[in-house]
Amino acid sequence: MQEIVRRADRCRVCGRDDWLDVVSFGETPLAGDFLPPDAPPGAERRAPLEVAVCRGCRLMSLRHVVDPEALFGHYRYVSSESDLIMNHMRRLVADAGLDAGDLVVEFGSNTGVHLELFRRAGMRVVGVDPARNLAEIANGRGVETVAEPFTATVGARVAARHGRAAMVLGRQCFAHIHDVHEVLDGVNAVLDPAGVLAVEVPYLVELLASDEFDTIFHEHLSYFSLGTLRTLFGMHGLRVVDVRTAPVHGGSIVVYAAPRASARDERPAVARMLAREDELGLSGDGPYLEFARRTETARAEIGDLVRSLAAEGRTVAGYGAPAKGSTLLNACGLTSEHVRFCTDTTALKQGRLMPGSRVPIVAPEEGLARRPDYFLLLAWNYADEIIGRERAYLEAGGRFIVPVPRPRVVSAPSAVAAP
Ligand code: TYD
Ligand code: ZN
């Protein structure tokens, strides 16, 4: 791993080297390394997974950076088309207040499925994504996509070809990028002076409040508060003008920023959220250290529950094979001995193994047909949608284990009591 992982001593936002250590999961497999079934032992690439907080700008961050090409060059995470995400996306499009013909540039645009919503609303769209396999899918569906990381050069090239963007969008990818300054240079190279940048990230406050320790994996380099994003954007002449919360990926925020000279007013939600972050003590050490303590308890509780069910002869399977499921299984010491298989809708993952735990991934129909006694809901960020949909499984006596914030078992009130 020497060649693809390095320790980053300087904070990617403020450049300081002064860290509060928070949690360490030790040498951990890369969560997206879904293995072929015949992978020899040790085939998964591993890197240290350690979290710390910068004492300068309070960025919560991984201490190690894995080469982005190794993580994203061929990427098996495909943008969600779940009801939850599509409804959220439709709201973003409606709230953007753009006119027909306006240019929307999305970085981390994946298969282009979300840009397509802007296109249908009459906007011109360009995607940028380093995953060549996904950019190809996007181009195939007619969403022009540049298969490269988003940089100042790429931003300038898009501007030269298509003009300036009324909106630059980065959904659930900003926290995956080490050189955030390069990305913001890219934004400035393509954003219209009257345009707006919209960045959606999982919200640090939700991660801490709901003990979402499994959302920590090598792809997620940064865990942002609004305060830290504001500091970062400010370094690039971008002023935060609005912020909204969104119930996706464990609780996210969409932060809107505009060039400093822009006429946009700052909405009251910004000051409110910053004040709340202050009240929560994010500038001190307490919330992070308490989270670290609760993480250790959660790891033990989830692991003990699943191991004891397996020891009693109950079958447990994973519902979903998300990257966070890799962290969860590995951090809780669970393997294919305890969790027989995971179901996942993503064709690119089916037939493969979860890295580390080596739990095989199957299609949802196959997994449901095998009727495990318990589904460990690894994709808990879609809990309402999934549990609502799998009523028949519950009615037949099946149960879900929702692992965070604390493991809880869900069964149908009317179900035949499962032993
Ligand atoms: P997600 O939680 O979006 O992301 P991450 O990998 O960052 O943790 O991944 C959810 C996974 O769960 C994805 O592989 C698709 C899968 N999934 C299902 O199998 N069934 C479902 O009903 C839903 C909503 C997701
Ligand atoms: Zn910093």
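Hi everyone, let's start at ligand 1, where a backbone N or O atom of alanine 323 lies 2.8 Å from an oxygen atom of the ligand. Keep in mind that this is a predicted model.

How much of ligand 1 does the protein cover? The answer is 90% of the 560 Å² of accessible area that the ligand has on its own. Helix H11 (323–331) and helix H13 (383–389) are the elements that each give two or more residues to the shell.

In total, 17 residues surround ligand 1, and the closest are Ala323, Lys324, Asp344, Lys349 and Asn381. Sorted by class, that shell has eight nonpolar, five polar and four charged residues.

Now for the metal. Which residues hold the zinc ion, ligand 2, as protein donors? They are Cys11, Cys14, Cys54 and Cys57, each through its SG atom, at 2.3 to 2.4 Å. The angles among the four donor atoms run from 98 to 119°, and the site is tetrahedral. For four tetrahedral donors, the ideal angle is 109.5 degrees.

Along the chain, the zinc donors follow the spacing C-x2-C-x39-C-x2-C. Distant parts of the chain are linked here: cysteine 11 is in the loop between strand S1 (5–7) and strand S2 (19–29), while cysteine 54, 43 residues apart from it, is in strand S3 (residues 46–54). And are those two cysteines buried or exposed? Both cysteine 11 and cysteine 54 are buried.

Thanks, everyone!

Conventions: Residues are numbered from 1 along each chain as its sequence is written. Chains are lettered from A and ligands numbered from 1 in the order in which they are written. This is a predicted model: local features need pLDDT of at least 70, side-chain atom pairs count only at pLDDT 80 or more; totals for chains, interfaces and linings use all residues. Side-chain values use heavy atoms; hydrogens and water are left out. Donors are N, O and S atoms within 2.8 Å of the metal (3.2 Å for Na, K and Ca); water is not among the atoms, so sites may look incomplete. Four donors count as tetrahedral if all angles lie between 85 and 135 degrees; four count as square planar and six as octahedral if opposite donors are over 155 degrees apart and all others between 65 and 115; anything else is irregular. Helices (H or I, at least four residues) and strands (E, at least two) are DSSP runs, numbered from the N terminus. Buried means under 20% relative accessible area, exposed over 50%, partly exposed in between (1.4 Å probe, protein chains only). A residue is near a molecule or strand if one of its heavy atoms lies within 4 Å of it. A polar contact is a pair of N or O atoms within 3.5 Å; within protein, one must be able to donate a hydrogen and the other to accept it, and residues adjacent in sequence count only if both atoms are side-chain atoms. Accessible areas come from the Shrake-Rupley method with a 1.4 Å probe; for residues, only the protein chains shown count as cover. Ala, Val, Leu, Ile, Met, Phe, Trp, Tyr, Cys and Pro count as nonpolar, Asp, Glu, Lys and Arg as charged, and the others, Gly among them, as polar.
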